[in-house]
Amino acid sequence: MQNAPMHDVVVVGAGLAGLSAARQLTAEGLDVLVLEARDRVAGRNEGAVFRNGVPVELGGQWVGPGQDAVLALIAELGLQTFQVYDAGRSVLRIDGGLRYAEGGAFGLPDTALAEFTRVQELIDDLAAAVDPADPAAGPGAAEQDRVTADAWLRENVRDEAARRFYDIMLATIFAADTCEFSLLHLLFYVRSGGGLVRLMSTIGGAQDSRVLGGTHRISEAMAEQLGPRVRLRCPVRHLEQEEGGVRVHFDGGAVRARRVIVALPPVLAGRLRYSPPLPANRDSLTQQMPAGTVIKFQVAYERPFWRETGFSGTALNLDGHVGLVYDNCPPDASCGVLVAFIEGTHARDAADLTPEQRRQLVLAELAGLFGPEAAEPLDFLERNWSEEEYTRGCYGGRLGTGLWKRLGRSLREPVDRLHWAGAETAEVWNGYMDGAVTSGRRAAAEAAAALAAEPAGSGAVAAGVSTVAGTGSA
Ligand SMILES: Cc1cc2nc3c(=O)[nH]c(=O)nc-3n(C[C@H](O)[C@H](O)[C@H](O)COP(=O)(O)OP(=O)(O)OC[C@H]3O[C@@H](n4cnc5c(N)ncnc54)[C@H](O)[C@@H]3O)c2cc1C
């Protein structure tokens with residue numbers, strides 16, 4: 001054990017955050033090792049291929065304007081993006097009926113639309129006053145932290161249809177019901193992503209574009225560059241602080257590091273063992289920042305039949321389990337693809353069904369939105385992210401009432417030689433791929449600065465020592 005290899009930095013997790021951190025540190029000449037639990041990189045970005053050969057994304061898939069870090073990274077890695085299809089009428093299912101609207105709007109009745117817009121402006125105004133670096137510090141923060149988003153919406157949205165629209169729309173953004181996060185968390189998230197309309201929108205918004213071949217290729221391209229510095233099938237179990245470094249125990253061995261970047265969602269970071277134990281507030285945060293609940297479906301058809309009758313493929317369903325649907329065809333529309341989401345409570349209910357029952361449920365609801373052809377797919381894929389051992393829920397972590405104020409500061413604050421990365425720690429585009437990338441870079445900068453500040457000879461090795469870790473002897 002004493003002879004376990006020593007690295008400048010060990011990164012736990014090869015998602016966008018961990019790989020971005022490793023790439024930056026490697027470019028600075030530091031000796032980095034990334035330990036990844038799964039047999040693949042990319043974490044919450046997972047690629048899949050329909051039987052007809054068309055690739056789709058089971059996890060994160062869209063990028064959009066304002067997501068400068070991830071867009072620049074995509075370009076730098078030689079990958080391409082393409083804009084989604086969103087021409088024609090969208091569908092809104094409400095009170096057993098269907099309503100249609102052009103131009104990216106949903107077909108809310110006029111009074112509901114006016115109320116939706118009034119409240120959206122109110123949310124955006126409140127969000128603009130939130131400091132994303134320290135959401136708990138703002139003038140209204142104490143009050144906003146005390147109530148759930150649900151309680152606030154019930155008090156402030158005066159139209160029943162508009163309120164139900166908010167319930168479903170926000171559930172699709174957070175993969176959680178509005179009673180599961182505080183008003184302050186909602187405002188922080190809206191601020192972090194540049195406004196509510198931007199978070200909701202396709203063209204010009206967070207759902208503007210996709211990566212050709214899938215978003216997992218961003219991580220794969222970074223991992224290729226890092227080569228043997230990335231080790232798969234190495235679930236980290238225990239981080240043990242010792243003189244001059246940290247001993248990182250994983251299934252199959254141990255390595256040592258002068259600094260460790262934990263690039264995991266908080267809920268999973270809380271499942272590692274720490275010696276000495278984490279400070280109470282940091283541990284408490286990991287216990288109280290659960291991930292959302294979402295089941296994502298990709299459904300392939302021979303052709304995008306909805307386009308032929310003037311539909312965009314976008315649908316919001318206020319009546320059923322499937323909340324949101326989008327056209328997700330490949331750029332050449334060589335086949336039709338609809339992507340559908342079940343979130344929050346509906347996802348918890350649907351998780352209890354068999355895969356076949358879930359398939360029937362989703363196809364019946366798609367047929368209710370787009371007609372009987374939607375019930376006859378070529379192929380059907382699903383991923384329940386809460387079942388994934390090394391994710392345990394998506395899209396990301398959220399904070400309930402009272403938590404930003406009491407524990408928010410523990411989100412990024414390093415603990416001894418441990419630094420925290422991951423989309424949940426980002427100030428800008430928190431919860432999104434862009435936020436994951438910048439969080440990794442921020443943690444890398446922290447670790448590099450800490451290493452540079454250490455007296456010469458402390459820790460064990462200088463940069464440039466072998467990057468290929470042995471498994472060590474436990
Ligand atoms: C269904 C879905 C849809 C989404 N849609 C979008 C979208 O359209 N646009 C967008 O920007 N974002 C979207 N997201 C969110 C986005 O995917 C994430 O914010 C981002 O990928 C998070 O990256 P990360 O590196 O912070 O975390 P992760 O990707 O979770 O990376 C953590 C890594 O750590 C590994 N790991 C876990 N435990 C251990 C351990 N003990 N030891 C070693 N390794 C471990 C995991 O396997 C994983 O590879 C979506 C997510 C999901 C699931």
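**Entry 1: the annotated site**

I began with the UniProt record, an unreviewed entry, which lists Glu36, Ala37, Val236 and Glu424 under "binding site". I noted that UniProt positions follow the numbering used here, that feature names are shortened, and that annotations may be inferred rather than shown by experiment. The model is predicted, and local features need pLDDT of at least 70, side-chain atom pairs count only at pLDDT 80 or more, while totals for chains, interfaces and linings use all residues. Residues are numbered from 1 along each chain as its sequence is written, and side-chain values use heavy atoms, with hydrogens and water left out.

I located glutamate 36 in the loop between strand S2 (32-35) and strand S3 (47-49). Helices (H or I, at least four residues) and strands (E, at least two) are DSSP runs, numbered from the N terminus. Is glutamate 36 buried or exposed? Glutamate 36 counts as buried because its relative accessibility is 5%; buried means under 20% relative accessible area, exposed over 50%, and partly exposed in between, with a 1.4 Å probe and protein chains only.

I then listed the contacts of glutamate 36 (heavy atoms within 4.5 Å). Not counting residues up to four places away in sequence, glutamate 36 touches Gly13, Ala14, Gly15, Arg231, Leu232, Arg233, Cys234 and Pro235. Its side chain also reaches the backbone nitrogen of arginine 38 at 2.8 Å.

Alanine 37 is found in the loop between S2 and S3. With neighbours within four places in sequence left aside, I found alanine 37 in contact with Arg233, Cys234, Pro235 and Tyr390.

**Entry 2: the sheet**

I next traced an open sheet of 7 strands in the order S8-S7-S16-S17-S18-S15-S19, with mixed pairing. Two strands pair if DSSP finds at least two bridges between them. Strand S8 (97-102) and strand S19 (379-384) are the edge strands, each pairing on one side only. Neighbouring strands of this sheet are turned by 20° against each other on average, direction ignored. For such values, axes are lines fitted to C-alpha atoms, for helices over the stretch in contact, and angles run from 0 to 180 degrees between N-to-C directions.

I followed strand S15 (residues 294-301), which runs antiparallel to S19 and is joined to it by 6 bridges. Valine 299 has phenylalanine 380 in S19 as its bridge partner. S15 and S18 are also antiparallel, with 8 bridges, and glutamine 298 has valine 339 in S18 as its bridge partner. S17 and S18 run antiparallel as well, with 5 bridges; leucine 324 stands opposite phenylalanine 341 in S18.

How many residues of S18 are buried? I counted 8 of its 8 residues as buried. One side carries Gly336, Leu338, Ala340 and Ile342, the other Val337, Val339, Phe341 and Glu343, and both faces are covered.

**Entry 3: helices**

I looked at what lies across the sheet. Helix H6 (residues 160-174) lies across strand S7 (89-94), strand S16 (311-317), strand S17 (322-327) and strand S18 (336-343), at about 105° to S16. Helix H13 (residues 344-351) lies across S15, S18 and S19, running at about 100° to S18.

Finally, I examined helix H11 (residues 280-287), where Arg282, Leu285 and Thr286 are buried. They lie on the same side of H11 because they cover an arc of only 95° around the axis, the arc being that of the directions from the helix axis to the C-beta atoms. On the other side of H11, Ala280 and Gln287 are exposed. The buried residues of H11 pack against helix H10 (266-269), helix H15 (403-407) and strand S20 (418-420).

Methods
Polar contact = N/O pair within 3.5 Å; in protein donor to acceptor, adjacent residues only side chain to side chain.
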